[in-house]
Amino acid sequence: MTVIPFEKQGLHVMVKPIGPICNLDCEYCYYLRKEDLYPSSERWRMSLELLESFIQQYFAAQPEDVPEITFAWQGGEPTLLGVEFFREVVRLQQKHAPPGMKYANTLQTNGVLLNAEWCQFFKEHQFLIGISIDGPAEVHDHYRYDKKGNPTFEKVLAGLRLLKAHQVDFNVLVVVNRVNAQLGRKVYTYLRDNGAEHLQFIPIVEHELEKHDQPAVPPTDAPTEAWGHLVSERSVLPEQYGQFLVDVFDEWSRRDIGKVFVQIFDQALSAWLGYEPGLCIFRKQCGRALAMEHNGDLFSCDHFVEPDWQLGNIQQTALPILANSERQIQFGIDKEATLPNYCRECEVRFVCNGGCPKNRFITTPGGDEGLNYLCAGYKLFFNHIDPVMKAMVQEIKENRSPANVMQQLRKKEKPVAARPKPAANQPLRPGQFPGRNDPCVCGSGRKYKKCCGT
Ligand code: SF4
Ligand code: SF4
């Protein structure tokens with residue numbers, strides 16, 4: 001495998017033109033708290049001078065042979081800036097793009113403010129939209145509400161339908177949390193049946209180390225739930241996340257290969273084909289996906305928007321100098337250098353590579369620090385998909401469609417027997433689907449049919 005030098009790799013900056021300001025108040029949003037970084041900020045809006053300077057610098061910072069660069073607009077909620085702001089973005093890009101350089105725009109939104117004007121603009125300028133939905137209404141509205149505490153699902157679904165009606169390309173981003181993690185197949189089929197063709201499943205892991213004196217170390221034979229006390233009650237448990245992905249994969253691999261695209265499945269196929277995954281969390285090293293705040297402050301990564309990881313401000317120091325600084329190079333190298341031996345000897349390291357350093361806060365069974373909190377889930381999922389991935393690789397090597405494995409899988413399987421119902425008051429296993437009269441998965445104590453299953 002050819003190793004491309006750090007500064008020759010394409011540079012990706014996630015831009016926050018409105019900082020962390022948002023019209024919603026989702027319980028688990030990690031970015032809303034970033035308001036604390038700028039206590040005296042009165043103007044949460046990137047100035048047009050800075051916008052132009054960033055666009056110029058971003059083009060200049062890219063290696064010559066990069067096939068295409070992506071401008072990624074995020075928040076907070078970027079649509080609060082209004083369409084005119086993004087018309088200016090497009091105008092400045094056209095003004096400063098070097099001849100022959102291909103570029104694209106992506107924009108992440110909660111979907112609530114989308115209307116025909118936005119969708120026409122996105123279609124005209126080929127923006128790729130990321131829209132956040134956590135599943136059907138009863139699941140989505142569990143954590144995602146507006147500033148007054150009102151549910152948001154209906155507005156988001158209307159936004160998604162508008163995108164579809166205007167033929168705008170979009171990805172659905174699902175935050176996998178303690179509630180919807182029990183409902184992998186239901187969440188996936190619901191979104192698929194509502195027109196989602198590209199999906200990403202992002203695990204929510206809110207580390208609560210500050211509540212503990214030091215990293216807690218459960219006994220090595222402890223069940224995965226033993227790690228639960230290290231994270232918030234909304235955070236997905238490691239094996240829950242793995243089982244969620246397994247449930248989605250089992251449905252997808254029997255019906256939807258080639259029709260629906262799930263980011264982690266694409267990453268896995270690329271690894272089973274012998275390539276390094278493209279997504280930073282599964283790469284050996286990282287450091288080429290930075291984040292920039294509304295005032296030009298540049299940070300090592302969107303998950304490290306903290307004073308300790310601020311590289312500088314692009315109004316004082318040029319973007320390429322900051323992005324290629326020793327400090328940032330070391331940030332990327334550390335991802336691999338700090339990998340515990342447990343990961344180095346792992347059977348699925350070739351696809352996992354230890355996951356994102358943000359989540360490496362548990363210890364290995366041997367007591368080494370720096371293991372990823374989601375490890376048990378990754379192991380469960382990547383080992384589960386191994387036979388299907390090998391079958392898909394075989395099809396590709398023989399110049400056939402990997403979609404052929406769907407028929408092979410269905411042929412092999414006997415009709416699935418009905419799942420046994422849990423005894424009353426027994427907790428559900430991860431991945432087990434609750435019956436209408438079972439206790440609700442969210443822990444409310446009410447029956448599922450009267451709570452999240454209404
Ligand atoms: S810290 Fe995590 S999210 Fe950030 S670039 Fe590295 S792997 Fe990606
Ligand atoms: S599955 Fe676990 S042990 Fe294996 S590479 Fe990933 S985090 Fe490390």
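1. A quick word on naming before you start: helices here are DSSP runs of H or I with at least four residues, numbered from the N terminus. Keep in mind too that you are looking at a predicted model.

2. Helix α8 (residues 263-272) packs against α13 at an angle of about 65 degrees, the axes being 10 Å apart. The crossing of α8 past α13 is right-handed.

3. Who meets whom in that pair? From α8 come Ala268, Leu269 and Trp272, and they meet Phe382, Ile385, Met389, Lys390, Met392 and Val393 in α13. The residues of this contact divide into 8 nonpolar, no polar and 1 charged.

4. Now for another pair, helix α6 (residues 184-193) and helix α7 (residues 238-255). Their axes come within 8 Å and cross at roughly 50 degrees. Angles from 65 to 115 degrees count as roughly perpendicular and those under 35 as roughly parallel, and α6 and α7 are therefore oblique to each other. Here as well, α6 passes α7 in a right-handed crossing.

5. On the α6 side of this contact you will find Gly184, Arg185, Tyr188 and Thr189, which meet Gln243, Phe244, Asp247, Val248 and Glu251 in α7. By class, the contact has 3 nonpolar, 3 polar and 3 charged residues.

6. Then there is the sheet. It is open, has 10 strands with mixed pairing, and runs in the order β7-β6-β5-β4-β3-β2-β1-β8-β9-β10. Which strands stand at the edges? They are β7 (261-262) and β10 (310-313); each has a single partner strand, so one side of each is left without a neighbour in the sheet.

7. One spot to look up is Trp73, which stands opposite Leu107 in β3. As background, strands of a sheet pair through backbone hydrogen bonds, either parallel or antiparallel.

Definitions and conventions:
Residues numbered from 1 in each chain as written. Chains lettered and ligands numbered in written order. Predicted model: local features only at pLDDT ≥ 70, side-chain atom pairs only at ≥ 80, totals over all residues. Pairing = 2+ DSSP bridges. Helix = DSSP H or I, 4+ residues; strand = E, 2+ residues; numbered from the N terminus. Axes fitted to C-alpha atoms, helices over the stretch in contact; angles between N-to-C directions. Left-handed = near helix turned anticlockwise from the far one by under 90°. Contact = placed C-beta atoms within 7 Å. Nonpolar A, V, L, I, M, F, W, Y, C, P; charged D, E, K, R; others polar. Parallel < 35°, antiparallel > 145°, perpendicular 65-115°, else oblique.
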